[in-house]
Amino acid sequence: MHASPQAYEELVTRLKKTALLSSCSAVLGWDEQTYLPPAGTELRANQLALMAGMIHEQATNPEIGNLLQELEDKSEFGDDSFEQANIREARHEYDRATKLPRRLVEELSKVATLSHHAWVDARKKNQFQDFLPWLEQMIDLKREQASAIGYQGNQAYDALLDEYEPGTTSEMIEQAFVPLRNELVALVSAIKDSGITPDISILTRKYPVEKQREFSISAAEKIGFDFNAGRLDIAAHPFCSGFGPGDCRLTTRYDEHHFPGAFFGTLHEAGHGIYEQGLSQEHFGTPVGSFTSLGIHESQSRMWENLVGRSRAFWDHFFQPAQTLFPTALADVKQEEFYRAINDVRPSFIRVEADEVTYNLHIMLRFELEKALISGDLKPADLEAVWNEKFSEYFGLTPDSSANGCLQDVHWSAGLIGYFPTYALGNMYAAHFFNAAEKDLGDLSALIAKGEFTPLKEWLNQNIHSQGKLYRANRLVEVVTGETLSHEPLIDQLQNKYSELYNL
Ligand code: ZN
């Protein structure tokens, strides 16, 4: 017997309704970060909490469980079909949502808000001790969440990681991270020993904000972000929010005396935006109409920001327009000097300001520490000391303050544990995809130097964006590239690029 013909349609209708509600909540969230007047904060928190409750109620409606059961019992769709992927992923989301007691969901949400405020304060005062009680509470709650969700083996952390990178385990990540770390530490040290230090002061000359905005928008448009279906606004912590078909919001921030921040930040967010705009509109609201994982999302932003935006070819195309737009800053600068400045590598304390090479080391440090916090091997009270010790082991520097050390990132205060590794996974996925695109399209540098970005964008649309959650991240890499996830493509790219820049 087959499942009733309406069962699948009814499931899709329910998923789409929940997604529509989530997209309303995303509009409120975007507005909170961009235009909300300070006095509206409490009203907005109440609006968002109400929406979260409504979304949770819809997503855990027992009728979804019944429909899934019916569809699973009478499996009638092919293994690699969009329908089967929707059933598989809807089950995954439904199970995660229903395993969490409402009390825990509410407590996590409340503690995240309060803990976030405590973190902002503690960071300002540079006092890890002020944040510690909140961190302890958050870790307890996240451990409780992990055991409610369940996991295989003894890695509670995997239950948390699964929210951001479904199907990926800490063991899989370690297999790629351990060799990557060894290679990166060696590369950073060779760069340091080269004695070459590019002149980065040219990047902190005066770059008028209005011109930066104009230049960033023109580059984002050129690489393929559709401004008819999106916009760029200012936010303190830049992000991209895809509301749904036809509406994707990018944000950035400007500093008149720092060119790379807004420019590469906009390319990065536009990379996320191009992914969102490339999702299947027809399947909006179902898993195959949404992004694969945070790691795959990040692979798109990093590709446009780094593999394209920080390449020599990119500046063959864009340096002259930049010189015309910023004559005061760039009139006496040679393209090669500029290229070297935007690819300067040096260990520094702050992750979000790190270069392409040292960036992944920042992630590995956090991955190891948060895993130990969840397993109980590391007590929150010892976090700062262990952070500083490991930091000096990886970077040869010891953080000079809590704000420049373990208090620098928002994630742990907001309960985002298991999130960090997706940044480094994104870099590794990007390297795999870029190589595969080059195999199909020929010399990408030659296209980029001519300002021809459409072939790469369309290749990504076809192979990655339009597939949504048809495959899990690991499988997507295999299907698209014929390879399994490895540190090698990334390390090869970095070694090639930086050996030439630093005469290694
Ligand atoms: Zn990103």
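Mentor: We take the helix pairs, then the pocket and the cavity.

Trainee: What kind of model is this, and how are residues numbered?
Mentor: This is a predicted model, in which local features need pLDDT of at least 70, side-chain atom pairs count only at pLDDT 80 or more, and totals for chains, interfaces and linings use all residues. Residues are numbered from 1 along each chain as its sequence is written, and side-chain values use heavy atoms, with hydrogens and water left out.

Trainee: At what angle do helix 1 and helix 2 pack?
Mentor: About 165°, with the axes of helix 1 (residues 5–34) and helix 2 (residues 41–59) 10 Å apart. Helix 1 is therefore roughly antiparallel to helix 2. Helices here are DSSP runs of H or I, at least four residues, numbered from the N terminus. Axes are lines fitted to C-alpha atoms over the stretch in contact, and angles run from 0 to 180 degrees between N-to-C directions. Under 35 degrees counts as roughly parallel, over 145 as roughly antiparallel, 65 to 115 as roughly perpendicular and the rest as oblique.

Trainee: Left-handed or right-handed crossing for helix 1 and helix 2?
Mentor: Left-handed, that is, the near helix is turned anticlockwise from the far one by less than a right angle.

Trainee: Which residues of helix 1 and helix 2 meet?
Mentor: Helix 1 brings residues including Leu21, Cys24 and Leu28, and helix 2 brings, among them, Leu48, Met51 and Ile55. Contact means heavy atoms within 4.5 Å. The residues of that contact divide into eight nonpolar, six polar and five charged. For the classes, Ala, Val, Leu, Ile, Met, Phe, Trp, Tyr, Cys and Pro are nonpolar, Asp, Glu, Lys and Arg are charged, and the others, Gly among them, are polar.

Trainee: And how do helix 1 and helix 4 pack?
Mentor: Their axes are 11 Å apart, at an angle of about 55°, so helix 1 and helix 4 are oblique to each other. The crossing of helix 1 and helix 4 is left-handed. Tyr8, Leu11 and Leu15 of helix 1 meet Phe82, Glu83, Asn86, Ile87 and Ala90 of helix 4. That contact has six nonpolar, one polar and one charged residues.

Trainee: Where do the axes of helix 3 and helix 4 come?
Mentor: Within 10 Å, for helix 3 (residues 62–73) and helix 4 (residues 82–99), crossing at roughly 140°. Helix 3 and helix 4 are therefore oblique to each other. On the helix 4 side, Ile87, Ala90, Arg91 and Tyr94 make the contact, while helix 3 uses residues including Ile64, Leu68 and Leu71.

Trainee: Changing topic, how much space lies in the second largest pocket?
Mentor: About 430 Å³. A pocket is an open set of points on a 1 Å grid over the protein atoms alone, with protein on both sides within 12 Å along at least five of seven lines; a cavity is a set where a 1.4 Å probe fits but cannot get out, and lining residues have an atom within 4 Å of a point. Points are joined across faces, edges and corners, and a volume is the space filled by probe spheres set on them.

Trainee: Which residues lie nearest the centre of the second largest pocket?
Mentor: Leu307, Ser311, Phe434, Gln493 and Lys497, out of 20 lining residues. Helix 21 gives the most to that lining, with six residues.

Trainee: How many cavities of 30 Å³ or more?
Mentor: One. The largest cavity is lined by Arg366, Trp387, Cys406, Gln408, Asp409, Trp412 and Phe420.

Technical notes
Helix = DSSP H or I, 4+ residues; strand = E, 2+ residues; numbered from the N terminus.
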